[in-house]
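These are my notebook entries on one chain. I wrote down what I looked up, in the order in which I looked.

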Amino acid sequence: MYEQTWQYREALESAIMQSDVIKIFDNLLTIAVEEWASDIHIEPLENYCRIRIRIDGVLLELIQYPKTLHENIISKFKIESWQMRPDEKRLPQDARVSSVTLTNKEIDMRANTLPTVWWEKLVMRIVDKSKKIPPLSELWLEWSNEKIIYKHLSFPNGIILNTWPTWSGKTTTLYACLDYINKPEINIITYEDPVENKMEGLNQAQVRSDIWFTFANGLRWWLRQDPDIMMVWEIRDKETLDMAMESAMTWHLVFSTVHTNSAIETISRILNLWAKPYMMAGTFNLVIAQRLARKTCIHCAKEIDIKSDEKRQMAKKIFSNFDKDLLKKEIVSRGITKEQWSRFMIEWKMLKWTGKFDGKQCPICGGTWYKWRIGLFELMDYTDDIKNMLIEWKSNMEIEQYALKSWMIDLSRDGMFKTIKWLTDLDEIYRCVKMKHG
Ligand SMILES: [Zn+2]
């Protein structure tokens with residue numbers, strides 16, 4: 001943890017002892033935001049209670065406190081949040097809360113309670129409205145993937161999808177794409193749930209499924225608003241998919257997300273929503289799958305030998321059927337030096353975080369963490385070849401094999417290049433990417 005958040009941690013401890021719920025949440029929220037955490041868990045266990053926060057995708061225990069305080073904390077929170085019933089303890093409840101941290105940052109939260117066998121647990125997802133969306137150039141998109149994205153952002157119509165596992169950072173990528181094409185001469189409309197970042201120049205609308213304003217209805221309405229580009233938060237039913245395809249056919253560029261694990265899986269997901277392969281071929285431009293991998297803290301990292309590590313075998317296989325010339329081009333264009341390549345692929349050495357700096361605890365990552373995260377990307381470019389294969393009802397496997405042989409940098413290849421470049425390590429790549437090669 002950063003030194004500057006220690007004071008809030010001490011204040012949190014004394015607020016818990018005094019059962020001062022306002023001080024608890026002010027300090028807790030400030031710690032979480034200053035540490036760039038995404039979620040706060042306040043949870044009862046059998047013998048004690050604890051608070052954990054999720055930083056860079058992994059939970060960290062912040063504090064423990066006696067069980068006798070828990071009921072008071074949860075019920076006061078329910079009252080303070082205005083939207084939860086304090087007397088309802090048997091059913092889950094949720095609420096949206098806006099707040100300001102002690103460091104003066106505006107925060108939106110989605111809070112929800114769940115009754116567990118040891119009383120109710122409270123989880124809060126943090127949306128930091130002061131966080132700036134980084135430009136596309138800072139998202140760790142490298143060479144081939146970068147070229148493909150910029151190509152598709154220049155097209156006037158079609159569908160660009162981002163796949164949707166949790167912790168993937170899809171919001172950031174979608175906003176960065178919209179930001180890149182956001183100009184006064186283009187009308188951009190979004191339908192979101194929730195609107196996470198308000199961006200200048202965009203017409204952003206909040207979906208309200210409870211009062212008819214669903215994704216599909218929103219899209220229908222949107223077509224009357226003279227749009228050029230639109231983003232619909234998620235495609236989860238046939239109606240929304242049909243509307244998105246219709247919009248793409250009538251000369252609009254449509255951004256959206258689907259919930260799949262890889263770019264290739266999206267084909268079966270879309271066909272399962274009763275889309276015709278020729279419709280998909282006619283409207284799909286690009287599918288982006290992504291993950292966030294923790295970045296190695298270079299201040300305390302050391303080179304380690306991975307010769308006896310079994311992951312080394314899988315690392316070798318990842319490039320085995322990739323076109324040799326393309327591989328060479330990719331290595332050079334990503335700025336991987338000859339030395340880095342041979343250190344990894346010949347001597348089998350890799351940079352690995354240790355948590356120690358000059359024998360002492362590393363001050364940069366606190367000795368326990370990798371620092372920050374990098375994106376891993378996998379792009380399925382719907383080229384004419386891929387579209388023909390779709391129309392010919394080729395299987396997902398055949399399409400994927402073809403793409404991998406020809407040009408595709410999938411998640412595991414991107415992760416491997418980034419490991420060779422000393423940005424992250426094999427353990428982290430395997431944690432993030434379900435390997436299909438081993
Ligand atoms: Zn470190």
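I started at the hairpin of E2 and E3, where two residues lie between the strands and aspartate 56 takes a positive phi near 50°. I take helices (H or I, at least four residues) and strands (E, at least two) as DSSP runs, numbered from the N terminus. The model is predicted, with local features needing pLDDT of at least 70, side-chain atom pairs counting only at pLDDT 80 or more, and totals for chains, interfaces and linings using all residues. Residues are numbered from 1 along each chain as its sequence is written.

**The sheet around this hairpin**

I checked the pairing next, where two strands pair if DSSP finds at least two bridges between them. E2 and E3 are antiparallel and share seven bridges. In this pair I found arginine 52 with glutamate 61 of E3 as its bridge partner. E1 and E2 also pair in the antiparallel sense, over seven bridges, and a hairpin of four residues joins E1 to E2. Alanine 37 has isoleucine 55 in E2 as its bridge partner.

I then followed E1 (residues 37-44) to its pairing with strand E6 (residues 119-128): the two run antiparallel and are joined by four bridges. Isoleucine 40 has methionine 124 in E6 as its bridge partner.

What is the order of the six strands in this open sheet? I read E3-E2-E1-E6-E5-E4, with antiparallel pairing. Strand E3 (58-65) and strand E4 (93-100) are at the edges with a single partner strand each, so one side of each has no neighbour in the sheet. On average, neighbouring strands here are turned by 20° against each other, direction ignored; the axes are lines fitted to C-alpha atoms, for helices over the stretch in contact, and angles run from 0 to 180 degrees between N-to-C directions.

I used C-beta counts, with C-beta atoms placed from the backbone: a residue is buried if 20 or more other C-beta atoms lie within 10 Å of its own, exposed if 12 or fewer, and partly exposed in between. Strand E2 (residues 49-55) is mostly covered, with five of its seven residues buried.

I looked up tyrosine 65, which is found in strand E3. Tyrosine 65 counts as partly exposed because 19 C-beta neighbours lie inside 10 Å. Apart from neighbours within four places in sequence, tyrosine 65 is in contact (C-beta atoms, placed from the backbone, within 7 Å) with Ile16 and Cys49. From tyrosine 65 to threonine 383 I noted 57 Å, C-alpha to C-alpha, with the two 318 residues apart in sequence.

**Domains and the whole chain**

The domain assignment gives domain 1 (3-128), domain 2 (136-293 + 373-407) and domain 3 (296-371 + 408-438); such bounds come from an automatic or database domain assignment. Over C-alpha atoms, the centres of domain 1 and domain 2 are 35 Å apart.

I noted 16 helices and 17 strands in the chain. The C-alpha trace spans about 65 × 60 × 40 Å along its principal axes. Of the 438 residues, 37% count as buried. Among contacts between residues at least 6 apart in sequence, 65% join residues at least 24 apart.

**The seven-strand sheet**

I read another open sheet of seven strands, E9-E8-E10-E11-E7-E12-E17, with mixed pairing. Its edge strands are E9 (203-206) and E17 (373-381), each pairing on one side only. Neighbouring strands are turned by 15° against each other on average, direction ignored.

Helix H15 (residues 411-420) packs on this sheet and touches strand E12 (284-294) and E17, its direction making about 140° with that of E17. Strand E8 (residues 188-192) pairs with strand E10 (residues 229-232) in the parallel sense over four bridges, and isoleucine 189 stands opposite methionine 230 in E10.

**Cores**

A nonpolar core is a set of buried Ala, Val, Leu, Ile, Met, Phe, Trp, Tyr and Cys residues joined through C-beta atoms within 7 Å. The largest has 77 residues, and Met230, Val232, Ala244, Leu286 and Met380 have the most contacts inside it. E12 gives the most to this core, with seven residues.

Where does this core lie? Domain 2 and domain 3 both give residues to this core, so it lies between them.

Leaving aside neighbours within four places in sequence, I found methionine 380 in contact with Ala263, Ile264, Leu286, Val287 and Ala403. Another core, of 28 residues, lies apart from the largest one and includes Ala37, Leu62, Ile107 and Ala111.

Definitions and conventions:
Two residues are in contact if their C-beta atoms, placed from the backbone, lie within 7 Å.
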